[in-house]
Amino acid sequence: APTAVVILFSYSEEGIASNILAARLKRLVALGLVSRSDDPSHSQKAIYSLTEASIELLPLLAHMGAWGRRHTKPSEALSIRAELLEKGGPDMWDAFMDELRFIHLGTQRPTRSVLAELQAAYLAVVARHSAGKMD
């Protein structure tokens with residue numbers, strides 16, 4: 001079965017205070033953008049999944065990422081995913097939304113993994129930049 005996001009409130013990789021994270025997640029649940037279920041493996045964990053409403057925001061987010069690339073000076077590593085989504089257009093967005101539906105809503109696994117494509121591009125940029133720093 002696909003795995004959604006599991007949050008342990010005492011720890012955040014992003015350094016967000018647990019009370020702030022909890023409040024933001026509670027608001028997203030109230031807005032219908034994520035769903036929450038208890039994690040049966042740990043009483044302090046919750047499983048948060050995207051809803052269809054949030055998955056349908058992907059094209060808007062892709063446009064915002066494209067705007068950000070044009071009007072700010074992001075690093076290549078931070079912008080490579082936005083660049084690929086911009087260039088991939090609606091076909092890539094549809095495939096990505098299908099993959100998100102599989103992960104978060106339990107639909108049929110799509111044949112294409114846009115997440116894998118985006119991650120591979122990011123790792124390639126990071127590796128290229130790391131190699132360049134060693135020269």
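Predicted model: local features only at pLDDT ≥ 70, side-chain atom pairs only at ≥ 80, totals over all residues.
Residues are numbered from 1 along each chain as its sequence is written, and side-chain values use heavy atoms, with hydrogens and water left out.

Me: What makes up the fold of the protein chain, and in which order do the elements run?
Reply: The protein chain has five helices and three strands, running β-α-β-β-α-α-α-α from the N terminus. Helices (H or I, at least four residues) and strands (E, at least two) are DSSP runs, numbered from the N terminus.

Me: Why is Leu33 called partly exposed?
Reply: Buried means under 20% relative accessible area, exposed over 50%, and partly exposed in between (1.4 Å probe, protein chains only). Leu33 has a relative accessibility of 23%, so Leu33 counts as partly exposed. Leu33 lies in the loop between helix H1 (18–30) and strand E2 (34–38).

Me: Which residues does Leu33 touch, leaving aside those up to four places away in sequence?
Reply: A contact requires heavy atoms within 4.5 Å. With residues up to four places away in sequence not counted, Leu33 touches Leu28, Ser49, Leu50, Thr51, Ala53, Ser54 and Leu57.

Me: How do you know that the span of H3 is close to the expected value?
Reply: The expected span of a helix is 1.5 Å times one less than its number of residues. Helix H3 (residues 58–71) has 14 residues, and its first and last C-alpha atoms are 20 Å apart, close to the expected 20 Å.

Me: What places the buried residues of H3 on the same side?
Reply: The buried residues in H3 are Leu58, Ala62, Ala66 and Gly68. They cover an arc of only 160° around the axis (taken from the directions from the helix axis to the C-beta atoms), which puts them on the same side of H3. These buried residues pack against helix H2 (52–55) and helix H4 (76–105). On the other side of H3, His63, Arg70 and His71 are exposed.

Me: Why is the charged end of Arg81 said to sit over the ring of Tyr122?
Reply: A charge sits over a ring if NZ of Lys or CZ of Arg is within 6 Å of the ring centre and within 35 degrees of the ring normal. The charged end of Arg81 sits over the ring of Tyr122, 4.2 Å from its centre.
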